[in-house]
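Okay everyone, thanks for coming. Let me put the sequence and the model up, and then I'll walk you through the ligand site and a pocket.

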Amino acid sequence: MRILLTGCEGQLGRALTRVLPEHGELFAVSRADFDLSLPEKMGRILEELRPELIVNAAAYTAVDPAETDRETALAVNAVGPDVMARWAFRNQAMILHYSTDYVFDGENTAPYREDDATNPINVYGETKRAGERLIMESGARYLIVRSSWLYDAVGKNFLTTILRLAGERDELQVVDDQFGAPTPTWWLADTTAYLLMRKANGVLNAAPDGSTSWHGFASAIIDEMKKRGRPLKVRHLAPIGTEDWPTPAKRPRNSVFALTRLHEEYGAASLSWQDALLPVLDRLPKTERPV
Ligand SMILES: NC(=O)c1ccc[n+]([C@@H]2O[C@H](COP(=O)([O-])OP(=O)(O)OC[C@H]3O[C@@H](n4cnc5c(N)ncnc54)[C@H](OP(=O)(O)O)[C@@H]3O)[C@@H](O)[C@H]2O)c1
């Protein structure tokens with residue numbers, strides 16, 4: 001099978017380049033090779049490569065900047081995926097696309113199921129939802145994997161930011177009234193490979209089991225690093241409310257997914273978010289400060 005992977009230099013894209021070669025001949029493209037805001041060039045490359053599976057790990061993921069850059073976010077998160085999905089339909093290919101807990105408003109008290117009503121509360125979420133809808137309407141075979149709170153040992157994400165700040169400051173303030181499941185890219189890449197093997201389709205929630213707040217996640221990271229003898233300056237993690245940490249984009253309070261389809265329909269193994277974190281910490285650079 002010929003596989004096109006977009007966004008191969010993003011945090012999830014890098015993890016997918018490890019697992020996808022087991023499923024076929026992989027063509028991994030970055031923004032420089034395959035820009036989702038350039039539909040004509042995309043069309044030419046799709047015709048040249050003729051993939052049977054398109055895995056779209058590219059996205060405009062800057063949640064706060066999206067508030068004032070709706071046009072670009074929409075081009076990358078909705079128009080680009082639509083171009084790929086329509087090409088997939090015309091050429092009997094399949095599209096595997098990633099989406100987000102931010103398609104929901106976070107007001108549910110229970111975990112979100114795949115078929116719960118969406119209602120994004122920021123521009124990023126709105127453009128990701130538009131991308132989902134266009135893929136669903138394209139007629140192509142699709143799998144839309146919704147995940148949450150992605151992180152890795154390198155790059156710019158919550159884990160690397162917390163570790164950097166914990167090396168610099170005595171006290172950190174972390175939001176403790178938004179809840180979700182931290183998802184390492186290695187786990188989402190392995191789960192993607194499993195779902196491909198199981199020929200999964202439709203919309204599917206994918207995150208490790210359990211949930212926590214950003215404060216709970218930060219505490220787990222720091223406790224584990226201290227156990228590993230990592231010298232950190234931080235002495236106190238102060239829990240704060242969302243209203244004490246104003247950001248341009250609103251965030252959902254509840255980002256927790258129901259994982260029934262993942263576990264019961266597809267038989268994916270369970271792993272707690274705490275256990276999923278440990279291999280990431282093992283991979284951290286052995287310097288005093290993370291990169
Ligand atoms: N991060 C999260 O917490 C999170 C949570 C839930 C779901 N997701 C979803 O998971 C997927 C992967 O996210 P991620 O965290 O791996 O994101 P990421 O690290 O920001 O990677 C996104 C990649 O897309 C590329 N990109 C941006 N604009 C592009 C364009 N116009 N054309 C082609 N490529 C472009 C970026 O390139 P540059 O580096 O050049 O910008 C980057 O390599 C996305 O669909 C995202 O919406 C993410």
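A quick word on classes before we start: Ala, Val, Leu, Ile, Met, Phe, Trp, Tyr, Cys and Pro count as nonpolar, Asp, Glu, Lys and Arg as charged, and the others, Gly among them, as polar. This is a predicted model, where local features need pLDDT of at least 70 and side-chain atom pairs count only at pLDDT 80 or more, while totals for chains, interfaces and linings use all residues. Numbering runs from 1 along each chain as its sequence is written, and side-chain values use heavy atoms, with hydrogens and water left out.

Now polar contacts, meaning N or O pairs within 3.5 Å. Tyrosine 124 has a polar side-chain atom 2.7 Å from a ligand oxygen, and lysine 128 has one 2.7 Å from a ligand oxygen too. From glycine 10, a polar backbone atom sits 3.0 Å from an oxygen of the ligand.

Tyrosine 124 turns up again with tyrosine 102: their ring centres are 5.8 Å apart and their planes at 80 degrees, so the pair is edge-to-face. For that label, centres must lie within 6.5 Å and planes over 60 degrees apart. Tyrosine 102 is in the loop between β4 and α5, and tyrosine 124 in helix α5, 22 residues along.

Last stop: what classes line the second largest pocket? Its lining divides into 7 nonpolar, 2 polar and 3 charged residues. Among them are Met1, His23, Glu52 and Lys199, and β5 (141-147) and α7 (185-197) each supply at least two. A pocket here is an open set of points on a 1 Å grid over the protein atoms alone, where a 1.4 Å probe fits, with protein on both sides within 12 Å along at least five of seven lines; lining residues have an atom within 4 Å of a point.

Definitions and conventions: A polar contact is a pair of N or O atoms within 3.5 Å; within protein, one must be able to donate a hydrogen and the other to accept it, and residues adjacent in sequence count only if both atoms are side-chain atoms. Helices (H or I, at least four residues) and strands (E, at least two) are DSSP runs, numbered from the N terminus. Rings of Phe, Tyr and Trp (its six-membered ring) pair if their centres lie within 6.5 Å; planes under 30 degrees apart count as stacked, over 60 as edge-to-face and the rest as tilted.
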